[in-house]
Amino acid sequence: MLNKQIVQSALQKIKEKHQEADNLAYTFFEKAMQNDEFKENFRQIKQAEMENAKAEVYGQPLAYDLPKLYSKQEKILNQIGIEPKAISPHYTCTKCDDTGYVNGLICSCLKHEINNILYEKSGLAKVRNNNFKSCDFNIFDDAQKTKKLYVLLENWCKKDNGYLNVLLIGKTGAGKTYLMQCMANKLIESESIVYFTSAFEMNQNLLKYHTTFDETKADNIALLLEPDYLFIDDLGTEPLLKNVTVEGMYNVISERMRNNKKTVISTNLSPKQIQDYYGDRVFSRLLCQTSSLVLNVENSDLRLKK
Ligand SMILES: [Zn+2]
C-alpha cells in the first residue's frame, strides 16, 4: 500500500466530490417532491421497480410499464422547471462514480488525485511546463543528438519495453534533471503513479526508516517502494551513511525490480565510481544490461549552451 496518509487524503477528495453530487441531486429531488403529481408518480415508480424485479426473479411477466412511468416523470419535471437529469447524481468520474475504486482496483481518478499530492510533495508542480512537447532543442549544443535522446526516452515512457531502470550518466549541467522532469510529467499524463525525489532526500528517508522502531517505520520508505515510477535525482551527492545508504539503496532497487516497478536515476558518477561507492551488488543491479537502459548524457554532448 502506498503511503497511507496520501491515499487517504486523495480518497477524501474523491469522496467529497461524490457527496457534492449526491447533495446537489437531492436538492433537486426534494424540490420536485413538493409537487404532488411528481410525488405520486415517484411512489408508483418505486413500487413498479420492486414488483418488476420480483417478477423477473420468478420468471413472471412484468406487471408494470416502467418506461411509461419514467417518461411521465420526465414530463412532470419539465413542467415544473427542473432538468430531468438533475435529480440523479452526476459524478465526476463515470468509471467509479467517485468512489475511487472499480471492482476493487484503484481507479484512474484516484491515481490522479494521488499524483496531485505527490506532484506538490516532490516539487514537480513547479516544473509542470518541463515536458517533451515544449522542449526547445536549439538551446543544446547538439540539437540532433539531444533530440534523439529525448525521443528514445519519450518512447520508453510510452511503452513497456523491458527496461526496468534508466540510468542517466553525465556531469552537472548536462540537462539530466530537466530530462527527468519531462519524463515524469509524461508518465503522470498516462495515469501512472510517479514520485520524484533527490538522492539526498531519499537518503534521509532511508535513515528515518533505519532509526524508526514503531508502526510508522514502513511509511518512511513507502514512497520509494510503491509508486509505479520512482525518479532519483543526483545519485552520489548524498552522504554515505554506514549501514544505511548502500543497504537501503540495494533494497529499494531490488524490491522495485522484483515488483516490476520502474526507476529512473541521474548521476554525476561514472560506472566505475558507482561500483566504488555502492559496491558490486548495487552496481550489478543498476548497470545490468538486460534490465537497465544506461545512457551517457555526457557523450552525447548535451551541455546547455548557456
Ligand atoms: Zn474514478
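Guide: The bend at a residue is the angle between two fitted axes, one for the seven residues ending there and one for the seven starting there. This is a predicted model: local features need pLDDT of at least 70, side-chain atom pairs count only at pLDDT 80 or more, and totals for chains, interfaces and linings use all residues. Residues are numbered from 1 along each chain as its sequence is written.

Visitor: Where does α10 bend, and by about how much?

Guide: At Gly279, by about 130°. Helices (H or I, at least four residues) and strands (E, at least two) are DSSP runs, numbered from the N terminus.

Visitor: How far apart are the end C-alpha atoms of α10?

Guide: Only 9 Å, for 16 residues (271-286). A straight helix would reach 22 Å at 1.5 Å a residue. The expected span is 1.5 Å times one less than the number of residues.

Visitor: Which residues of α10 are buried?

Guide: Ile274, Tyr278, Val282, Arg285 and Leu286. Buried means 20 or more other C-beta atoms within 10 Å of the residue's own, exposed 12 or fewer, partly exposed in between; C-beta atoms are placed from the backbone.

Visitor: What do they pack against?

Guide: β3 (165-169), α9 (245-258), β6 (262-267) and β7 (292-296). Contact means C-beta atoms, placed from the backbone, within 7 Å.

Visitor: New topic. What does Leu187 touch?

Guide: Cys157, Ser192, Val194 and Tyr229, leaving out residues up to four places away in sequence.

Visitor: And the domains, which residues do they cover?

Guide: The assignment, automatic or from a database, gives domain 1 (18-100) and domain 2 (122-296). Their centres, taken over C-alpha atoms, are 52 Å apart.

Note on methods. Contact = placed C-beta atoms within 7 Å.
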